[in-house]
Amino acid sequence: MYFTVIDNMLSEMKKRFNNNSEFLTAISVFNPISTNFLNDDFVLKCINYYGDDNYFSDQVISQSKLAKNMYGSCKNIIDFYNEICIMG
């Protein structure tokens, strides 16, 4: 029974994470300690993941560059979140 439970857990994890690896990599743009923090290419991947027609992609890229300058000094994602909340 123990091995059956482990097999079921592994199967479920494969279903949940194998198809989303590109998305999980793309959301690293929101982590200020990531080398991908607000990286243009990864921001575009996030936009494309949601099926946007890239109508606003230029504006989003411009805003992410501004945000990177404003929040680049955050030490972790909690600091980043708190700074965004302060802005309202």
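What follows is a chat between two colleagues about a predicted model of one protein chain.

Colleague: Happy to look at this with you! What makes up the secondary structure of the protein chain?

Modeller: The chain has five helices and zero strands. Read from the N terminus, the order is α-α-α-α-α. Of its 88 residues, 23% count as buried.

Colleague: Why is L38 called buried?

Modeller: Buried means under 20% relative accessible area. L38 has 9% relative accessibility, so L38 counts as buried. You will find L38 in the loop between α2 and α3.

Colleague: Thanks! Now F30: why is F30 called partly exposed?

Modeller: Partly exposed is the range between the buried cut-off of under 20% and the exposed cut-off of over 50%. F30 has 41% relative accessibility, so F30 counts as partly exposed. F30 lies in the loop between α2 (21-26) and α3. I27 is found in the loop between α2 and α3 too, and its relative accessible area of 32% makes I27 partly exposed.

Colleague: Which residues form the nonpolar patch on the surface?

Modeller: The patch is formed by L24, I27, F30, I77 and I78, and together they have about 430 Å² of accessible area. Patch members need over 30% relative accessible area. I27, at 32%, and F30, at 41%, are therefore over that cut-off.

Colleague: Let's turn to the largest pocket. What is its volume, and which residues are closest to its centre?

Modeller: The volume of the largest pocket is about 220 Å³. It is lined by 15 residues, and V29, F30, L38, V43 and V60 are the closest to the centre. The elements giving two or more residues to the lining are α3 (40-49), α4 (57-71) and α5 (77-87). Helix α4 gives the most, with four residues.

Colleague: How do the residues of that lining divide into nonpolar, polar and charged?

Modeller: The lining of the largest pocket has 14 nonpolar residues, one polar and no charged. Val, Leu and Phe count as nonpolar, so V29, F30, L38, V43 and V60, the residues closest to the centre, belong to the nonpolar class.

Colleague: How do you know that D40 and K65 form a salt bridge?

Modeller: The cut-off is a side-chain nitrogen of Lys or Arg within 4 Å of a carboxyl oxygen of Asp or Glu. The closest N and O atoms of D40 and K65 are 3.6 Å apart, so the pair is within the cut-off. This pair links distant parts of the chain, with D40 in helix α3 and K65 in helix α4, 25 residues apart. The structure holds one salt bridge.

Colleague: Are D40 and K65 buried, partly exposed or exposed, and why?

Modeller: D40 is partly exposed because its relative accessible area is 25%. K65 is partly exposed as well, with 46%. Both values are between the cut-offs of 20% and 50%.

How values were computed. Residues are numbered from 1 along each chain as its sequence is written. This is a predicted model: local features need pLDDT of at least 70, side-chain atom pairs count only at pLDDT 80 or more; totals for chains, interfaces and linings use all residues. Side-chain values use heavy atoms; hydrogens and water are left out. On a 1 Å grid over the protein atoms alone, a cavity is a set of points where a 1.4 Å probe fits but cannot get out, and a pocket is an open set with protein on both sides within 12 Å along at least five of seven lines; lining residues have an atom within 4 Å of a point. Grid points are joined across faces, edges and corners, and a volume is the space filled by probe spheres set on the points. Patches are made of residues with over 30% relative accessible area and no salt bridge: like charges are joined within 9 Å, nonpolar side chains (Val, Leu, Ile, Met, Phe, Trp, Tyr) within 5 Å. Accessible areas come from the Shrake-Rupley method with a 1.4 Å probe; for residues, only the protein chains shown count as cover. Buried means under 20% relative accessible area, exposed over 50%, partly exposed in between (1.4 Å probe, protein chains only).
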